[in-house]
Amino acid sequence: MAETDQTTAAPVVKIKKYANRRLYNTATSSYVTLENLCQMVKDGQDFVVEDAKTGEDITRGVLTQIIFEEESKGGQQLLPIGFLRRLISFYGDSLQTLVPSYLEVSMASFQRNQEQMRQYMAEAFGEMFPFRSIEEMGRQNMAMFQRAMTMFNPFVAGMNDADKPAGGDKAMPGEKPEVDTLKKQMEELRKQVEALARNKG
């Protein structure tokens, strides 16, 4: 039987995981696989996974396992090695508590813009690729990331435009380099798409 999330009034399906690693969908009264759960995520169906014996919420571990399975299928992986190394390096770091919120904001922003991104990528197969549009979207997203980070970083929150360095994009000593990293990643993406466009031509 599905539960209801009081904040969204959306049904939340309960999945039970048994000792034999089998997953049981209580809403459909049937056993499911990780692939089924992956499709439920893509369909926007929310669910929680509980250990059938202890009742412990193990949703995070199961979602991580789904990502591992998807990354192991070959083809185009979503998680670059550089990103994974940086993510691992934050475990035990003083900024560890900020990383989840930062990633949530980043992914939510990308998801809101996904239709525009699909349109821009589709246009890449033509003669012209709208780099200006993607760069503008990137600038808007980075500005939002900076605003989100100020909630957690008193130093950045206390800065006003007059306090920022004259170079604009250059970080002040002691300032966190997340924005610079995002800019570099955006530039790398631009170069990769540019190379693809040249190869197609």
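**Stop one: helix 2**

Select helix 2 and pick out its buried residues, T59, V62, I66 and E71. Buried means under 20% relative accessible area, exposed means over 50%, and partly exposed is in between (1.4 Å probe, protein chains only). Helices (H or I, at least four residues) and strands (E, at least two) are DSSP runs, numbered from the N terminus.

This is a predicted model, in which local features need pLDDT of at least 70 and side-chain atom pairs count only at pLDDT 80 or more, while totals for chains, interfaces and linings use all residues. Residues are numbered from 1 along each chain as its sequence is written, and side-chain values use heavy atoms, with hydrogens and water left out.

Now show the whole of helix 2, residues 59-71. Its 13 residues reach 18 Å from the first C-alpha to the last, close to the 18 Å expected at 1.5 Å a residue. The expected span is 1.5 Å times one less than the number of residues.

**Stop two: helix 1 against helix 2**

Two packed helices are described by the angle between their axes and the distance between the axes. For helix 1 and helix 2 the angle is about 100 degrees, and the axes are 10 Å apart. Axes are lines fitted to C-alpha atoms, for helices over the stretch in contact, and angles run from 0 to 180 degrees between N-to-C directions. Helix 1 and helix 2 are therefore roughly perpendicular to each other, a label for angles of 65 to 115 degrees; under 35 counts as roughly parallel, over 145 as roughly antiparallel and the rest as oblique. To see the contact, select L34, L37, C38 and V41 of helix 1 with V62, L63, Q65, I66, E69 and E70 of helix 2.

**Stop three: V48**

Go to V48, in strand 5. Leaving aside residues up to four places away in sequence, V48 touches V12, V13, K14, I15 and T59. Then mark L63, 15 residues along the chain from V48: the two C-alpha atoms are separated by 9.9 Å.

Rings of Phe, Tyr and Trp (its six-membered ring) pair if their centres lie within 6.5 Å; planes under 30 degrees apart count as stacked, over 60 as edge-to-face and the rest as tilted. By this rule there is 1 aromatic pair. Select Y24 and Y31: the ring centres are 5.1 Å apart and the planes are at 70 degrees, so the pair is edge-to-face. Y24 is partly exposed, at 22% relative accessible area, and Y31 is also partly exposed, at 45%.

**Stop five: two loops**

R21 is in the loop between strand 2 (11-17) and strand 3 (23-25). Its phi is near 75 degrees, a positive value in a residue other than glycine.

Notes: Contact = heavy atoms within 4.5 Å.
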